[in-house]
Amino acid sequence: MLHSARQGQKRGLQRGIIGLATTTLYAIFSHAAFAASILPDDPRLKPANVLTVDNGGFTQVFIDGYIHNPTVDTFRRSVIPRGQEFGIVYLNSAGGDLVAAQALGRAIRAKGYATQIGRLSSDGQTIRTGVCESACPIAFVGGKFRLLDSGTGKLAVHRFYLANQGKWASDSKLLFTAERDLSRYIDEMGISREFFDLIMRTPADRLIQIGKPAIYDWALASGTSKTTWKTVSKGTLLGRTESSTGTLSISFSCEQGLLNMEVQANPWFPGIALLNYDQHSLSVDGTKFSIDEVQVSQDELTGNLSFRSVPSSLAVSALHGAKQVGYSWSFERSPGEYSRVLELPESNAQLNEIVSSCTTP
């Protein structure tokens, strides 16, 4: 089945619709639709839709479909002139033109935006798991921060090939130039040469999914998270995760029979932007529990924000034996979310003890 971009209106979004594509000289396309010659009406030649959403000065860009030069033109025209310093580009693409993907990656890096795999839901309210294959990872590595959280999607690559073949001599020259330019681009983006080698040695009619160790070892994602847990005072357990994209700490304590939670965040964008979100959730092993009331304060020295709340009884019950806990900020009526997850130790005795003391009659 060929990948195609979604159609239809989306409420509350500013939309840039790309024009018709011209035939590309060499491209990376979905392996499932591999062919030596690409016909002019091939769906893979239809450029991606580009949609933008502004939330409190933080820009979200959704690129959905095949990446071609018009995709890049629309990004430059509708996104780059915006004054917002911070933003994120969500990519949902099964491939496209190799040269255009490099141009898009450079445009994203020049703007200083992060990248993440994802697609907008049909109602325009949430961000779903996406795909990033073939040419898409080339654009993805252009992000200033490259976010690859679990559940967002996976990177997969294969070797590029000519969309329309001509004479052997000119084709060979074109392919040599493409290989040289791609090698230089990957070096420019600060990505390991092993990523380039994987692309070049993978046949064009198959895809290789990049595993988690290589994703971080090759700098495809912006650093692994380091998580620590410790008891900071009697009855208070503090967990902290940090990476190049920011830090998050969660502390649990039992006060008057209630489990109290305090979250401190220092994200890769100005933390004050978190106040724009109107929904807060505690996640336990991937299940979200809404938080109805949050008290917010700010540290005068560091400027970091603190969010204090009392989790629901369902959330407290779920914490028994949990392997992961996290916190997320989102919007009630528009897409966008910032979330971080902390892995809990295999022996979760401290948290279980706190939870039990709060739930014991």
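Is Arg308 buried, partly exposed or exposed, and what is its relative accessible area? Arg308 is partly exposed, with a relative accessible area of 30%. Here buried means under 20% relative accessible area, exposed means over 50%, and partly exposed lies in between (1.4 Å probe, protein chains only).

This is a predicted model: local features need pLDDT of at least 70, side-chain atom pairs count only at pLDDT 80 or more, and totals for chains, interfaces and linings use all residues. Residues are numbered from 1 along each chain as its sequence is written, and side-chain values use heavy atoms, with hydrogens and water left out.

**Overall build**

- The protein has 361 residues, and 52% of them count as buried.
- It contains eight helices and 24 strands. These are DSSP runs, numbered from the N terminus: helices are H or I with at least four residues, strands are E with at least two.
- Among contacts with a separation of 6 or more, 68% are between residues 24 or more positions apart. Contact means heavy atoms within 4.5 Å.
- The accessible surface comes to about 17,100 Å², and carbon and sulfur atoms hold 50% of it. Areas come from the Shrake-Rupley method with a 1.4 Å probe; for residues, only the protein chains shown count as cover.

**Nonpolar cores**

- The largest nonpolar core has 47 residues. A nonpolar core is a set of buried Ala, Val, Leu, Ile, Met, Phe, Trp, Tyr and Cys residues joined through side-chain atoms within 4.5 Å.
- Ile63, Phe75, Leu104, Leu182, Phe195, Ile210 and Leu220 touch the most other members of this core.
- Helix H2 (residues 98-111) gives the most to this core, with seven residues.
- Another core, of 45 residues, lies apart from it and includes Phe145, Trp229, Met261 and Leu351.
- Beyond its neighbours within four places in sequence, Phe75 is in contact with Val61, Ile63, Ile80, Val89, Leu104, Ala107 and Ile108.

**Helix H5**

- Phe195, Phe196, Leu198, Ile199 and Met200 are buried in helix H5 (residues 193-201).
- An α-helix has 3.6 residues a turn, so residues three or four places apart point the same way.
- At the start of H5, a side-chain oxygen of Ser192 comes within 3.1 Å of the backbone nitrogen of Glu194.

**Salt bridges**

- The structure holds six salt bridges. A salt bridge is a side-chain nitrogen of Lys or Arg within 4 Å of a carboxyl oxygen of Asp or Glu.
- Glu262 and Arg308 form one of them, with their closest N and O atoms 3.1 Å apart.
- That pair links distant parts of the chain: Glu262 is in strand S18 (residues 258-267) and Arg308 in strand S22, 46 residues apart.
- Glu262 is partly exposed, at 22% relative accessibility.
- Glu337 pairs with Lys288, and the closest N and O atoms are 2.1 Å apart.
- Glu337 lies in strand S24 (residues 337-343) and Lys288 in strand S20, so this bridge ties together parts 49 residues apart in sequence.
- Both partners are partly exposed: Glu337 has a relative accessible area of 33%, and Lys288 has 47%.
- Salt bridges that share partners join Glu255, Glu262 and Arg308 into one network.
- Arg180 and Asp181 also meet through their side chains, at 3.1 Å, N to O.
- Arg180 is partly exposed at 33% relative accessibility, and Asp181 is partly exposed at 25%.

**Ser309 in strand S22**

- Ser309 sits in strand S22 (residues 305-309).
- Ser309 is buried, at 5% relative accessibility.
- Not counting residues up to four places away in sequence, Ser309 touches Leu259, Asn260, Met261, Ile291, Glu293 and Val294.
- Ser309 and Glu293 are 16 residues apart in sequence, with C-alpha atoms 6.4 Å apart.

**Positive phi in loops**

- Most residues other than glycine have a negative phi.
- Ser134 is not a glycine, yet has a positive phi of about 60 degrees.
- Ser134 lies in the loop between strand S10 (132-133) and helix H3 (136-140), and is buried at 1% relative accessibility.
- Asp285, also not a glycine, has a positive phi of about 50 degrees.
- Asp285 is in the loop between strand S19 (279-284) and strand S20 (287-291), and is partly exposed at 40% relative accessible area.

Methods:
Polar contact = N/O pair within 3.5 Å; in protein donor to acceptor, adjacent residues only side chain to side chain.
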